[in-house]
Amino acid sequence: MRFALIFLFLVPALAPAAVLERQTWVVDGVTREALVHVPDKMASGGAPLIFAFHGHGGSMQQASRSFPLHEKWPAAIVVYPQGLPTAGQLTDPKGERAGWQGRAGDQGDRDLKFFDTMLAGLRQQHPVDARRIYATGHSNGGGFTYLLWAERGEVFAAVAPSSAVLGGRGFQRLKPKPVLHIASPQDELVKFSWQQRMLDQVLKLNGCGPLQPGTMGATAYPSKSGNDVVVYLHTGGHKYPGDTAPELIVKFFQAHPER
């Protein structure tokens, strides 16, 4: 009996896994879906809201595992949307795998409309803190995050794209916004030289200092206007740094409500 009691004492209680709900919306006659984490308790001022977009060829299930933001910030509503088959700008020219529009006007703006529909629906369902709405994504999902900043920038308090640039002339529509950009100098798909040019423009837009391209880890570029930029450089190439990025993203978002 004594042995049994000691055994029970040494086994830790396991916390229940966070539940992700599958939600659907109809956009222009097409059923769209996402996995959604809803906090058990909502803050009195409403819950923060994060949209997390998978890369080209990914899925909402994969995104929820790769960027487990709902585990890092359980008090936030976290949405992992599912893309549709999309011709990639760098891979998959036939559009056999899921992704997101790369520019305003592509595919009839189906993904921008999807975002608008999700946001409206979630605001009807739950108390959302309008000062704490965020977007993040990797690769093609990071590009869509930049596109959301350009086309729906008034909605967001901050954004966190990874391994991404904004295509076309979308940069002209950006207005200053806190940004965490995740990149790797070894990225051979979305070349670091492309991302570096993007970051040079973002830092100038936000009134921050010049990029330090050789500084690994997280480098902060403060802005007098409060639109800070953080650049996180890692050595993993195009692979998403899932061991460090989710916690860094959550801390950045928590530090940057809408001013």
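**A walk through the predicted model**

Is Thr136 buried or exposed? With a relative accessible area of 4%, Thr136 is buried, because a residue counts as buried when its relative accessible area is under 20%. If residues up to four places away in sequence are not counted, Thr136 touches Ile50, Phe51, Ala52, Phe53, Leu69, Thr145, Ala160, Ile249 and Phe253.

Several of these names lead on to strand β3. Strand β3 is made of residues 47-53 and is mostly covered, since seven of its seven residues are buried. β3 and β7 run parallel and are joined by six bridges, and within this pairing Phe53 stands opposite Gly137 in β7. β3 also pairs with strand β4, residues 77-81, again in the parallel sense, over three bridges; here Leu49 stands opposite Ile77 in β4.

How many helices and strands does the protein chain have? There are seven helices and eleven strands. The radius of gyration of the protein chain is 19 Å, and because this is close to the 18 Å that the globule rule gives for 259 residues, the chain is as compact as a globular protein of that length. The C-alpha trace, followed along its principal axes, spans about 70 × 45 × 40 Å. Of the 259 residues in the protein chain, 52% are buried, and the accessible surface comes to about 12,600 Å², with 55% of it belonging to carbon and sulfur atoms. When contacts between residues at least 6 apart in sequence are considered, 62% of them join residues at least 24 apart. As for charge, the chain carries 26 positive and 21 negative side chains, and the centres of the two sets lie 3 Å apart.

Strand β1, residues 21-27, and strand β2, residues 30-37, run antiparallel and are joined by seven bridges. Val26 stands opposite Thr31 in β2. The two strands form a hairpin with two residues between them, and in the turn Asp28 has a positive phi of about 50°.

Asp109 is found in the loop between β6, residues 98-99, and α4, residues 110-125, and with a relative accessible area of 23% it is partly exposed.

Ser163, a residue other than glycine, likewise has a positive phi, near 50°. Where does Ser163 lie? Its place is in the loop between β8, residues 158-162, and β9. At 0% relative accessibility, Ser163 counts as buried. Leaving aside neighbours within four places in sequence, Ser163 is in contact with His138, Ser139, Ile182, Asp187, Val190, Gln195 and His238.

Ser184 sits in the loop between β9, residues 179-183, and α6, residues 192-205. Ser184 is buried, with a relative accessible area of 0%, and, apart from neighbours within four places in sequence, it is in contact with Phe192, His234, Thr235, Gly236 and Gly237.

Pro68 lies in the loop between α2, residues 60-66, and α3, residues 69-72. Is Pro68 buried or exposed? Pro68 has a relative accessible area of 11% and is therefore buried. Once neighbours within four places in sequence are left aside, Pro68 is in contact with Ala63, Tyr80 and Pro246. The C-alpha atoms of Pro68 and Ala52, which are 16 residues apart along the chain, are separated by 9.5 Å, and Ala52 is one of the residues that Thr136 touches.

Note on methods. Residues are numbered from 1 along each chain as its sequence is written. This is a predicted model: local features need pLDDT of at least 70, side-chain atom pairs count only at pLDDT 80 or more; totals for chains, interfaces and linings use all residues. Side-chain values use heavy atoms; hydrogens and water are left out. Helices (H or I, at least four residues) and strands (E, at least two) are DSSP runs, numbered from the N terminus. The radius of gyration is taken over C-alpha atoms; the globule rule is 2.2 Å times the number of residues to the power 0.38. Buried means under 20% relative accessible area, exposed over 50%, partly exposed in between (1.4 Å probe, protein chains only). Contact means heavy atoms within 4.5 Å. Accessible areas come from the Shrake-Rupley method with a 1.4 Å probe; for residues, only the protein chains shown count as cover. Lys and Arg count as positive and Asp and Glu as negative; His and the chain ends are not counted. The place of a charge is taken as NZ of Lys, CZ of Arg, CG of Asp or CD of Glu. Two strands pair if DSSP finds at least two bridges between them.
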